[in-house]
Amino acid sequence: MNLKDISSKFPRRQVLKTALTFVTGLTTTSLLSFAITKSTKPAQAIVVQRPNEFELEGKDTNIKYSIINGVPQLDYKTQKISEDFSGDQIQTLASDIGTLLTIIISKPLNPDLGGNIVKLSLLLPIINLAIGTRETPVQTEAILTTQRTSGFIRTPLFGQLQSYQTLVLTGTARYR
């Protein structure tokens with residue numbers, strides 16, 4: 001197969017020619033048989049949607065995370081705490097292992113004196129839902145981090161300043 005065998009109406013013909021010549025330094029003719037499939041079936045797009053709502057529960061903990069009109073919302077409930085977070089109160093970090101959401105659950109009443117800052121970091125796995133599928137089971141984890149702080153008085157702290165508690169969470173991921 002030669003480049004001239006590809007119809008000039010093929011929208012990516014020139015891009016393909018330029019890319020193959022530039023990247024390989026070879027003629028496009030020698031690589032076209034690898035770049036163009038020989039199937040006569042029309043290409044099919046694979047379409048997926050991502051969940052925008054998660055309902056999770058674990059040891060005495062319930063978490064609901066959703067994105068409503070582009071604004072993240074997170075409800076965190078335990079036997080002692082019931083807090084709602086939204087927008088900038090939720091730090092979001094996309095990574096290779098999923099999306100990490102972090103919220104501050106509590107901080108010292110008087111920052112000058114120091115104390116403990118408690119954060120929850122929730123890992124949301126990457127999930128693809130087929131079009132027409134509205135939900136799927138999900139299992140993930142969250143980490144409660146307690147960090148000791150010295151406050152503005154600057155009393156030096158020694159030793160480990162952060163401790164962790166992991167939570168196994170199960171529930172449902174939905175697209176609404």
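A: In this predicted model, E55 counts as partly exposed because its relative accessibility is 33%, which falls between the 20% and 50% limits. The side chain of E55 forms a salt bridge with R174, and the closest N and O atoms are 3.2 Å apart. This pair links distant parts of the chain, since E55 lies in strand β2 and R174 in strand β11, 119 residues apart. R174, at 15% relative accessibility, counts as buried because the value is under 20%.

E135 is partly exposed, with a relative accessible area of 43%. Through shared partners, salt bridges join E53, E55, E135, R174 and R176 into one network. The model has five salt bridges in total. Side chains of opposite charge can pair when their charged atoms come close.

E55 has K64 as its bridge partner in β3, and β2 and β3 pair in the antiparallel sense over six bridges. These two strands form a hairpin with two residues between them. D60 lies in the loop that joins β2 (53-58) to β3 (61-68), and its phi is near 55°, a positive value in a residue other than glycine. With a relative accessibility of 47%, D60 counts as partly exposed.

Strand β2 also pairs with β11, in the antiparallel sense and over five bridges. Within this pairing, E57 stands opposite T170 in β11. Strand β11 (residues 162-174) in turn pairs with β10 (residues 135-149) over 13 bridges, again in the antiparallel sense. In that pairing T145 stands opposite Y164 in β11.

These pairings belong to an open sheet of nine strands, in the order β5-β4-β3-β2-β11-β10-β8-β7-β6, with antiparallel pairing. Its edge strands are β5 (82-86) and β6 (91-95), each of which pairs on one side only. Neighbouring strands of the sheet are turned by 20° against each other on average, direction ignored. In a regular strand the side chains alternate between the two faces of the sheet.

From β3 the chain passes to β4. N69 lies in the loop between β3 and β4 (71-77); its phi is near 50°, a positive value in a residue other than glycine. N69 counts as exposed, because its relative accessibility of 78% is over 50%. V71 lies in strand β4 and is partly exposed, with a relative accessible area of 34%. Leaving aside residues up to four places away in sequence, V71 touches S66 and G87. Another salt bridge is found between the side chains of K77 and D84 (3.9 Å, N to O). K77 is partly exposed at a relative accessible area of 36%, whereas D84 is exposed at 52%.

The largest nonpolar core has 23 residues, of which F54, L74, Y76, I103, L120 and L122 touch the most other members. At least two residues of this core come from each of β2, β3, β4, β7, β8 (115-124), β10 and β11, and β8 gives the most, with four residues. In soluble globular proteins, nonpolar side chains tend to be buried together.

A polar residue, T102, is also buried, at 12% relative accessibility. T102 lies in strand β7 (residues 98-106), and its side chain makes a polar contact with that of S121 (3.1 Å). Beyond residues up to four places away in sequence, T102 touches Q89, I90, Q91, K119, L120 and S121.

Methods: Residues are numbered from 1 along each chain as its sequence is written. This is a predicted model: local features need pLDDT of at least 70, side-chain atom pairs count only at pLDDT 80 or more; totals for chains, interfaces and linings use all residues. Side-chain values use heavy atoms; hydrogens and water are left out. Buried means under 20% relative accessible area, exposed over 50%, partly exposed in between (1.4 Å probe, protein chains only). A polar contact is a pair of N or O atoms within 3.5 Å; within protein, one must be able to donate a hydrogen and the other to accept it, and residues adjacent in sequence count only if both atoms are side-chain atoms. Contact means heavy atoms within 4.5 Å. Two strands pair if DSSP finds at least two bridges between them. Axes are lines fitted to C-alpha atoms, for helices over the stretch in contact, and angles run from 0 to 180 degrees between N-to-C directions. A nonpolar core is a set of buried Ala, Val, Leu, Ile, Met, Phe, Trp, Tyr and Cys residues joined through side-chain atoms within 4.5 Å. A salt bridge is a side-chain nitrogen of Lys or Arg within 4 Å of a carboxyl oxygen of Asp or Glu.
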